[in-house]
Amino acid sequence: MKVVITGGAGFIGSRVARTLLARGKLANQAGVQTDISELVVFDIAEAQNLPEDSRLRTVVGEATDRALLAEVVDGADSVFHFASVVSGGAEADLQLGLRVNLDGTRMLLDLLAEGGQKPRLVFSSSLAVYSDGSGEVNDQTVPTPKSSYGVQKLCCEHLIGDYSRRGLLDGRSMRFPTIAVRPGKANLANSSFISNIIREPVAGRETVCPVPADTEITLMSPGRLIEAIIKVHDLDAKDLGWPKALLLPAVRVSVNQMLDALEDQVGPEARARVSFATDEKVYAMVKTWPIEIRANRATALGIETDADAAEIVADFVTESAG
Ligand SMILES: NC(=O)c1ccc[n+]([C@@H]2O[C@H](COP(=O)([O-])OP(=O)(O)OC[C@H]3O[C@@H](n4cnc5c(N)ncnc54)[C@H](O)[C@@H]3O)[C@@H](O)[C@H]2O)c1
């Protein structure tokens, strides 16, 4: 089967690519585990850290280039659509966010529908579809985003639901929580500080945390997320049910708990590399994020998050050491 990952050079996309190459199989349209014969990693950036593999093809290009995208997804049995302008970027440039996140996704849906293969499509939505800082988000919470990024993700979820209802494709949207710890460089996501306070000290660098130490947020490790992505891809559509957008579980942790785990696993000198200076703009935004996620629907489907801050930090420390 042919599998495509848009945004495949990114943090999550490149992990999914490596996992798929190692796993070798995915459920096809009929739900039968089938060998992956071709994996296309498509991104505007050059993919790094992907293994040499005869099944792998990397394509560098713009997700809104219809002719190129048509060639990339031609004959695809499964598509993981992760290419996106992320939260801070979409807020800074409304038209860029609309073009890539909304128009680009609609273009992809039309190309997949025209192809007539009814491929499985996994879409990376976000907790940003919610806006309420009241604390808990659950499967019944009505999404009312107050960011351009959240609005764009929610529009795409609805389109994917509708194309699926019409039988044009078999889509699933996953509302990712903040995924940490992100290696490499920070991106423009508003949540990037939570990765910075672990990644930078582990690398021996100092960093400033822009929110107070008792600030709580909800997280999932990349390890848990990749497991969830494969599971959701392989679900039978009737087991996923309706709506096609699925809230994912996330663990509630404070900045302090993350730093305690850093100290336990790396040492007090690592913790000492983190200082605090509240950035009121960042803090005001963080305070609007949910701090408790009750994702009963995902849990019933066997999707799990990390147990605590220690597990999140360990996921990163172990990978960095390897
Ligand atoms: N990481 C998180 O905490 C998180 C949380 C919620 C949702 N998400 C979503 O998950 C997806 C993957 O996120 P990530 O953390 O890997 O981000 P990332 O920035 O590492 O990856 C996104 C990739 O998309 C590519 N891209 C951006 N614009 C493009 C374009 N016009 N054409 C082609 N490629 C383009 C980028 O080059 C990048 O490699 C995104 O859709 C993001 O919105 C991520």
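Which residues in α6 meet which residues in α9?

Mentor: First, the ground rules. Residues are numbered from 1 along each chain, as its sequence is written. This is a predicted model, so local features need pLDDT of at least 70, side-chain atom pairs count only at pLDDT 80 or more, and totals for chains, interfaces and linings use all residues.

Now the pair. From α6 come Ile197, Ile198, Pro201 and Val202. In α9 they meet Val255, Met258, Leu259, Leu262 and Val266. Contact here means C-beta atoms, placed from the backbone, within 7 Å. By class, this contact holds nine nonpolar, no polar and no charged residues. The classes are simple: Ala, Val, Leu, Ile, Met, Phe, Trp, Tyr, Cys and Pro are nonpolar; Asp, Glu, Lys and Arg are charged; the others, Gly among them, are polar.

Next, the geometry. Two packed helices are described by the angle between their axes and the distance between the axes. Helix α6 spans residues 192-202, and helix α9 spans residues 255-266. Their axes come within 10 Å and cross at roughly 20°. That angle makes α6 roughly parallel to α9. The cut-offs: under 35 degrees is roughly parallel, over 145 roughly antiparallel, 65 to 115 roughly perpendicular, and the rest oblique. Axes are lines fitted to C-alpha atoms, for helices over the stretch in contact, with angles from 0 to 180 degrees between N-to-C directions. Helices (H or I, at least four residues) and strands (E, at least two) are DSSP runs, numbered from the N terminus.

The crossing of α6 and α9 is right-handed.

Helix α9 has another partner, α13 (residues 309-321). The axes of α9 and α13 come within 8 Å and cross at roughly 50°. The two are therefore oblique to each other. This crossing, too, is right-handed. On the α9 side are Gln257, Met258, Ala261, Leu262, Asp264, Gln265 and Val266. On the α13 side are Ala309, Ala310, Val313, Ala314 and Val317. Together they divide into nine nonpolar, two polar and one charged.

For contrast, turn to α4 (residues 94-115) and α5 (residues 148-165). Their axes come within 9 Å and cross at roughly 10°. That makes α4 roughly parallel to α5. Among the α4 residues in this contact are Leu94, Leu98, Leu102 and Leu109. The α5 residues include Tyr149, Cys155, Cys156, Leu159 and Ile160. This contact has eleven nonpolar, five polar and two charged residues.

Step back to the domains. The assignment, from an automatic or database source, gives domain 1 (2-178 + 220-247) and domain 2 (192-218 + 251-291 + 307-321). Taken over C-alpha atoms, their centres are 27 Å apart. Twelve residues of domain 1 touch eleven residues of domain 2. On the domain 1 side, β8 (136-138) and α7 (222-234) each supply at least two residues. That side divides into five nonpolar, six polar and one charged.

Now the ligand. The shell around the ligand has 25 residues, and Gly7, Gly10, Ala63, Ser84 and Ser124 come nearest. Near means a C-beta atom, placed from the backbone, within 6 Å. At least two residues each come from α1 (11-23), β7 (120-126) and β10 (178-179). The largest share, three residues, comes from α1. By class the shell has 14 nonpolar, nine polar and two charged residues.

Last, check the backbone. The peptide bond from alanine 180 to valine 181 is cis, with omega near 20°. Valine 181 sits in the loop between β10 and α6. Tryptophan 242 and proline 243 are also joined by a cis peptide bond, with omega about 5°. Proline 243 lies in the loop between α8 (237-240) and β13 (245-247). Asparagine 49, a residue other than glycine, has a positive phi near 55°. Look for asparagine 49 in the loop between β4 (38-43) and β5 (56-60).

How values were computed
Left-handed = near helix turned anticlockwise from the far one by under 90°. Contact = placed C-beta atoms within 7 Å.
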